[in-house]
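This report describes a few local features of one protein chain. Please look at the sequence and structure shown here before reading on.

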Amino acid sequence: MPDLELRPLRYFAAVAEAGTVTEAARRLRIAQPSLSQQIALLERRVGTALFRRRPRGMELTEAGRLLLDGVHQALNTLNSAVAAARSTWPAATVGVCAGVAPEVLERTERILTRDGPLRVTYERTDSARMGELLRAGTLAYGVLRTPPDDARDLELRTIADEPLGVVVHRRHPLAGRAELGWGDLTGRRLLWFPARRAPGYASAVLARLAEHGWTPDTLVEDSGSHTLFRHALLGRDDVVALRTRSGSAGDTALVWRPVGPRPPRERLALAAARRSVWSRLLPPDDGAMAGPRVPTPS
């Protein structure tokens, strides 16, 4: 097989259709001598004459007619393949940390598909690993808790910002209160997650609790299962959890109560590797991605 490139074949087809090198060069917007050289080079690579040079133009030889038929078939096949490729939806894998509310995922998907179709798949990923996987290209995006432990070369956009409240079982002594103060939590243990999953977030929350005079013993639930989280709270008056209202909705055995003043907040961000094709699809960082900001109880 001769080493044939697409451009000389397009030039050949243009000369065949125009009938003269001059007209073909005008249509292609290239210099006539350059086009003549390309046709001569193509004939050498094919190994036979493709045109008869006549006073009034270029006439295809039998070999030229056969090649032109093949070029048309090849170009039609290529155009069909390009159209098919364009019609497929690109795919993006999104890492999601544990405990993300369904409405946050819905908001994420609306953001990612606002400019066109995109097949989005989700993969459970700890916030602590998100940066590594985004920089490596294993993930296109990540939904993670902030502040991230390592934000090098990442673009971050806030998609949720809510205060944390207290979650207890429905018969807990604190369940009957409309709102709690920090003194109500004295002596109670905190049902918590392994800090290695989101070190920056864990440190920020515990530091805020310490500012309010509560430095609880933690009871770590390591499975990430809501069923086991629920089981650890049921029937235990000495244990409370901290969750957002949206992250604790839907379980009638548990209740959420606001706590104040100045509770810690859970901020979730949509992250992508900086200067990647995915980061260019993120909207401007104008705060509009997070939706309505849930106020902090006073």
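L234 has a relative accessibility of 34% and therefore counts as partly exposed; buried means under 20% relative accessible area, exposed over 50%, and partly exposed in between, with a 1.4 Å probe and protein chains only. The model is predicted: local features need pLDDT of at least 70 and side-chain atom pairs count only at pLDDT 80 or more, while totals for chains, interfaces and linings use all residues. Residues are numbered from 1 along each chain as its sequence is written, and side-chain values use heavy atoms, with hydrogens and water left out.

The pLDDT, the predictor's confidence in each residue from 0 to 100, averages 90 over the protein chain, and 95% of the residues score at least 70. Confidence is lowest in helix α4 (residues 62-87), at a mean of 89, and highest in strand β8 (residues 180-181), at 97. Helices (H or I, at least four residues) and strands (E, at least two) are DSSP runs, numbered from the N terminus.

**Two leucines in loops**

L234 is found in the loop between α8 (226-233) and β11 (239-243). L118 lies in the loop between α5 (102-112) and β4 (119-124), and with a relative accessible area of 8% L118 is buried.

| Pair | Apart in sequence | Apart in space, C-alpha to C-alpha |
|---|---|---|
| L234 and L254 | 20 residues | 8.1 Å |
| L118 and A49 | 69 residues | 49 Å |

Contact means heavy atoms within 4.5 Å. Leaving aside neighbours within four places in sequence, L234 is in contact with H169, A253 and L254. On that basis, the contacts of L118 include W89, P90, L112 and W278.

**Helices α1 and α4**

Helix α1 (residues 6-18) packs with α4 at an angle of about 120°, and their axes are 10 Å apart. The two helices are therefore oblique to each other, since angles under 35 degrees count as roughly parallel, over 145 as roughly antiparallel, 65 to 115 as roughly perpendicular and the rest as oblique. Residues making the contact include L9, F12 and A16 of α1 and L68, V71 and L75 of α4.

**Helix α6**

In helix α6 (residues 127-136), the buried residues are S127, M130, G131, L133 and L134. These buried residues pack against β3 (91-96), β5 (141-146), β6 (154-163) and β14 (265-273). Just after α6, G137 takes a positive phi of about 85°.

Conventions:
Axes are lines fitted to C-alpha atoms, for helices over the stretch in contact, and angles run from 0 to 180 degrees between N-to-C directions.
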